[in-house]
Amino acid sequence: MEQRYTVFTLLLIHITRCVQRIKNIEMAALGLKGKQVQCLFGLYNCAEGISLTKLCELCGEDKGMMSRTVKELAVAGLVYVDVKSERKYKNPIRLTEKGGQIAQIVAEKISEILEEGSLGISDEERAGLYRSLGRISDNLTEICKRYNL
């Protein structure tokens, strides 16, 4: 039991750290920050724009963090908020032309790294891995609910 816990947690920590390092290096080459990857990638896949609330759900981030990231990207001229409502979380966030170009580069890098990172894993194995991780995530979410988290 202890070994399962150790292997599982260490693998997740190692994978997370590697992803963060790669994001930081790749984004620095573009003059941006690693934490902005999820936002740019999310917006790239929602060409019609998306509200901050939906972007948070899509990226797995809280509103405060995502709001700061959107602000940084807006200052850099990569995104804009299409103000249609007084409720700021409802307004669609969109990529600028420059932001679309950068987001395309980010998407291409993600694709390259995913391809290289999954060398030796079949589509069937990958699907099974994602199913298993999804089940673990759902089970841990239920456990967290018991702790009122």
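Trainee: How much space lies in the largest pocket?

Mentor: This is a predicted model, in which local features need pLDDT of at least 70 and side-chain atom pairs count only at pLDDT 80 or more, while totals for chains, interfaces and linings use all residues. Side-chain values use heavy atoms, with hydrogens and water left out, and residues are numbered from 1 along each chain as its sequence is written. A pocket is an open set of points on a 1 Å grid over the protein atoms alone, with protein on both sides within 12 Å along at least five of seven lines; a volume is the space filled by probe spheres set on the points, which are joined across faces, edges and corners. For the largest pocket, that space is about 1,400 Å³.

Trainee: Which residues of the lining lie nearest the centre of the largest pocket?

Mentor: Lining residues have an atom within 4 Å of a point. The largest pocket has 35 of them, and those nearest its centre are I15, V19, I113, L114 and Y130.

Trainee: Which element gives the largest share of that lining?

Mentor: Helices are DSSP runs of H or I with at least four residues, numbered from the N terminus. Two or more lining residues come from each of α1 (2-28), α2, α3 (52-59), α5 (97-117) and α6 (123-146). The largest share, 11 residues, comes from α1.

Trainee: How does the lining of the largest pocket divide by class?

Mentor: Ala, Val, Leu, Ile, Met, Phe, Trp, Tyr, Cys and Pro count as nonpolar, Asp, Glu, Lys and Arg as charged, and the others, Gly among them, as polar. On that basis the lining of the largest pocket has 5 charged, 7 polar and 23 nonpolar residues.

Trainee: Which residues line the second largest pocket?

Mentor: This pocket holds about 250 Å³ of space. Its lining draws at least two residues from each of α1 and α6, with the largest share, 4 residues, from α1. The lining residues are M1, R4, Y5, F8, T9, I136 and L140.

Trainee: Which element gives the most to the lining of the largest cavity?

Mentor: A cavity is a set of grid points where a 1.4 Å probe fits but cannot get out; the count comes to 1 cavity of 30 Å³ or more. The largest cavity holds about 40 Å³ and is lined by K35, Q38, C39, E61, M65, M66 and T69. Two or more of these residues come from each of α2 (37-44) and α4 (63-75). With 3 residues, the element that gives the most is α4.
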